[in-house]
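Please walk through this model with attention to one of its pockets and to the placement of its charged side chains.

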Amino acid sequence: MTGFRELWDQLAPIGRDPGSGGYLRYAWTPAEMACREWFRAQADARDMPVEEDGNGNLIAWYGTGPGPAVLTGSHFDSVPHGGAYDGPLGIVSAFLAVDRLPRPRRRPIGVVAFAEEEGARFGVPCLGSRLLTGAIEPARAAALTDRDGVTVEAALGARPTGPTGLLDRVDCYVELHIEQGRALDVPVGVGTAIWPHGRWRLDFTGEANHAGTTRMADRRDPMLTYAYTVLAANKEARLRGAHATVGRVSVEPNATNAVPALVRGWLDARAADAQTLSGLVEAVHKRAVDRAARDGTVVTLTEESVSPVVGFDGGLVDRCANLLGAPVLPTAAGHDAGVLSAHVPTVMLFVRNPTGISHSPAEYATDEDCEAGVEALAAVLA
């Protein structure tokens with residue numbers, strides 16, 4: 001029987017950046033496509049036919065029983081220079097869990113690889129699962145563009161289809177994932193909920209001018225408004241026990257000796273409840289607008305995606321926790337499981353992260369804990 005390290009080492013080199021040690025596996029790029037080919041090879045080795053759903057998602061089927069299916073899996077794509085385990089751990093573990101199941105199976109099991117979960121290329125997280133569930137219109141998704149102007153339709157090679165009836169054949173979804181903080185002191189835990197979270201774009205508009213000849217008093221510098229807003233977001237989040245991050249920025253004309261004309265920043269905000277989240281975003285926006293009036297600039301806020309609070313299926317959570325003797329915990333990270341939870345009973349299993357670091361090359365889990373995750377997933381599927 002294949003062990004975790006043996007299978008993991010087959011996938012781990014794909015898309016790794018030799019400089020940072022992190023991963024550049026953006027949706028439908030050569031690295032992510034190589035992961036998909038690995039997926040097909042693993043499915044073929046297990047006589048699992050692979051289905052494409054028209055939205056970029058792949059499903060490998062094990063068993064053809066008449067009962068409703070159990071779905072498990074995760075995603076291959078990464079954030080820029082992200083860690084190895086976020087996403088791929090759930091797919092590798094799913095194939096290994098299938099290997100450990102008794103045969104024949106009474107019900108089909110689908111191993112799924114969702115497309116564009118991170119949203120790192122086209123800006124909307126969980127795009128594949130949103131399309132599958134109807135949470136985003138295919139026309140809107142098709143027109144999304146990456147930083148090079150490539151559309152989803154061009155990258156996918158066709159316009160997304162949206163819901164295909166797949167979930168009508170699915171009884172429940174179980175996703176195994178690395179835990180992305182320091183919430184576990186045992187190898188495996190069971191997820192209870194996902195915090196509400198979202199992404200907002202802030203456009204700060206000023207006036208381009210010469211860095212050497214423009215007096216400080218005459219400047220309309222959007223970088224000042226942007227910088228103030230980043231600090232304000234940090235403060236407002238801390239006051240509310242929430243999370244706020246501005247991790248992406250673009251500047252025009254982006255010249256060392258020019259006052260910028262435009263600064264764009266993307267705010268990632270998360271909180272334990274919807275009211276706290278909306279209050280956080282409103283407070284950040286208000287402080288940005290107030291500062292813009294002093295700087296002679298203009299700021300606009302555009303909502304790009306918002307996911308409500310997700311509570312996983314209580315019955316599944318209790319059954320899994322009791323079966324595994326595992327602790328339960330919520331998470332502030334978004335997942336495809338959160339999207340699917342509005343349509344089928346859903347639960348998540350988490351594997352311990354000893355560093356607490358994620359979305360970074362330092363993301364890590366021990367082989368022993370990953371093996372424990374495989375065994376836990378196999379037990380739950382069985």
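The model is predicted.

With those labels, the second largest pocket can be described. Helix α9 gives the most to its lining, with four residues. The space in the second largest pocket is about 370 Å³. Its lining counts 18 residues, and R107, R319, V380, L381 and A382 are the closest to the centre. The elements that give two or more residues to this lining are β5 (170-178), α9 (314-324) and α11 (367-381). By class, the lining of the second largest pocket holds 12 nonpolar residues, no polar ones and six charged ones.

Charged side chains also matter for the next part of the tour. Side chains of opposite charge can pair when their charged atoms come close. In this model the count comes to 23 salt bridges. One of them joins D99 and R46, with the closest N and O atoms 2.8 Å apart. This pair links distant parts of the chain, since D99 sits in helix α3 (residues 88-99) and R46 in the loop between α2 (30-45) and β1 (50-52), 53 residues apart. D99 has a relative accessibility of 17% and therefore counts as buried. R46 is buried too, because its relative accessible area is 14%, and the cut-off is under 20%.

A second salt bridge, between R215 and D218, has its closest N and O atoms 2.8 Å apart. R215 has a relative accessible area of 57%, so this residue is exposed. D218, at 39% relative accessibility, counts as partly exposed.

Within helix α7 (residues 222-240), E236 and R240 lie four residues apart, about one turn of the helix. Their side chains meet in a salt bridge at 2.4 Å, N to O. E236 is buried, with a relative accessible area of 9%, whereas R240 is partly exposed at 33%. Elsewhere, salt bridges link R201, D203, E252, R264 and E304 in a network.

The side chain of E363 does have polar partners: it makes a polar contact with the side chain of S358 at 2.5 Å, and it reaches the backbone nitrogen of A84 at 3.4 Å.

Methods. Residues are numbered from 1 along each chain as its sequence is written. This is a predicted model: local features need pLDDT of at least 70, side-chain atom pairs count only at pLDDT 80 or more; totals for chains, interfaces and linings use all residues. Side-chain values use heavy atoms; hydrogens and water are left out. On a 1 Å grid over the protein atoms alone, a cavity is a set of points where a 1.4 Å probe fits but cannot get out, and a pocket is an open set with protein on both sides within 12 Å along at least five of seven lines; lining residues have an atom within 4 Å of a point. Grid points are joined across faces, edges and corners, and a volume is the space filled by probe spheres set on the points. Ala, Val, Leu, Ile, Met, Phe, Trp, Tyr, Cys and Pro count as nonpolar, Asp, Glu, Lys and Arg as charged, and the others, Gly among them, as polar. A polar contact is a pair of N or O atoms within 3.5 Å; within protein, one must be able to donate a hydrogen and the other to accept it, and residues adjacent in sequence count only if both atoms are side-chain atoms. A salt bridge is a side-chain nitrogen of Lys or Arg within 4 Å of a carboxyl oxygen of Asp or Glu. Buried means under 20% relative accessible area, exposed over 50%, partly exposed in between (1.4 Å probe, protein chains only).
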